[in-house]
Amino acid sequence: MKVSARNSFSGTIMKVTKGAVNAEVLLTTPGGDQIVAGITNSSVDTLALQPGTHVIALIKASWVILGKDLDPTKISTRNVLNGTINNILDGAVNSEVEIKLASGTVLTAIVTIASVQRMHLAVGEPVSAAFKASSVILAVE
């Protein structure tokens with residue numbers, strides 16, 4: 001499978017919680033990162049998702065929000081992963097920011113150059129990457 005999403009996480013489903021329409025799927029990567037995906041119950045059934053199922057979580061780099069000193073209890077996104085800025089590549093308008101997570105996995109975010117400058121982002125600095133559960137696409141092989 002080839003995809004355009006920059007962030008691809010292999011993981012194992014730990015828990016599936018169905019609601020009236022949508023489900024919350026918790027997965028853990030081999031490095032120990034936990035990601036929550038919000039998908040429809042129909043997708044859970046179609047993909048036959050259950051604890052122990054191996055999945056791929058896809059997150060577009062433009063869906064990732066960066067922050068410093070983020071308190072996960074004070075932000076509405078379900079996913080907040082902490083790491084260190086590994087690389088910043090500036091374009092004409094946007095910057096590609098690579099974050100090395102504690103697990104060693106690299107997550108990529110696309111943010112404006114103005115945001116990089118305003119937040120004083122620099123290689124080696126700690127940063128948090130946040131994304132909504134509904135921004136996680138799950139795939140099975």
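Colleague: Let's start with H120: is this residue buried or exposed?
Modeller: The relative accessible area of H120 is 60%. Buried means under 20% relative accessible area, exposed over 50%, and partly exposed in between, using a 1.4 Å probe and protein chains only. By that scale, H120 is exposed.

Colleague: Before we go on, what kind of model is this?
Modeller: Residues are numbered from 1 along each chain as its sequence is written, and side-chain values use heavy atoms, with hydrogens and water left out. Local features need pLDDT of at least 70, side-chain atom pairs count only at pLDDT 80 or more, and totals for chains, interfaces and linings use all residues, since the model is predicted.

Colleague: Back to H120, then: what is its phi near?
Modeller: H120 is found in the loop between α2 (113–118) and β9. Its phi is positive, in a residue other than glycine, and near 55°.

Colleague: And where is D69, which also has phi near 55°?
Modeller: D69 is a residue other than glycine with a positive phi. At 79% relative accessibility, D69 counts as exposed. Its place is in the loop between β5 and β6.

Colleague: Let's step back. In what pattern do the helices and strands follow along the sequence?
Modeller: The protein has two helices and 10 strands. These are DSSP runs numbered from the N terminus, with helices being H or I of at least four residues and strands being E of at least two. Read along the sequence, the pattern is β-β-β-α-β-β-β-β-β-α-β-β.

Colleague: What is the radius of gyration of the protein?
Modeller: The radius is taken over C-alpha atoms, and the globule rule is 2.2 Å times the number of residues to the power 0.38. For 141 residues the rule gives 14 Å, and the model is close to that, so the protein is as compact as a globular protein of that length. Its own radius of gyration is 15 Å.

Colleague: How much of the protein counts as buried?
Modeller: In soluble globular proteins, nonpolar side chains tend to be buried together. Of the 141 residues in this model, the share that counts as buried is 42%.

Colleague: Which residues does G67 touch, leaving out those up to four places away in sequence?
Modeller: G67 lies in strand β5 and counts as buried, at 7% relative accessibility. Its C-alpha is 8.1 Å from that of a residue 52 residues apart in sequence, M119. With contact meaning heavy atoms within 4.5 Å, G67 touches M119, V127 and S128.

Colleague: What about K60: which residues is it in contact with, apart from neighbours within four places in sequence?
Modeller: K60 lies in the loop between β4 and β5 (65–67). At 33% relative accessibility, K60 counts as partly exposed. The C-alpha atoms of K60 and S8 are separated by 8.8 Å, although these residues are 52 apart along the chain. Setting those neighbours aside, K60 is in contact with A5 and N7.
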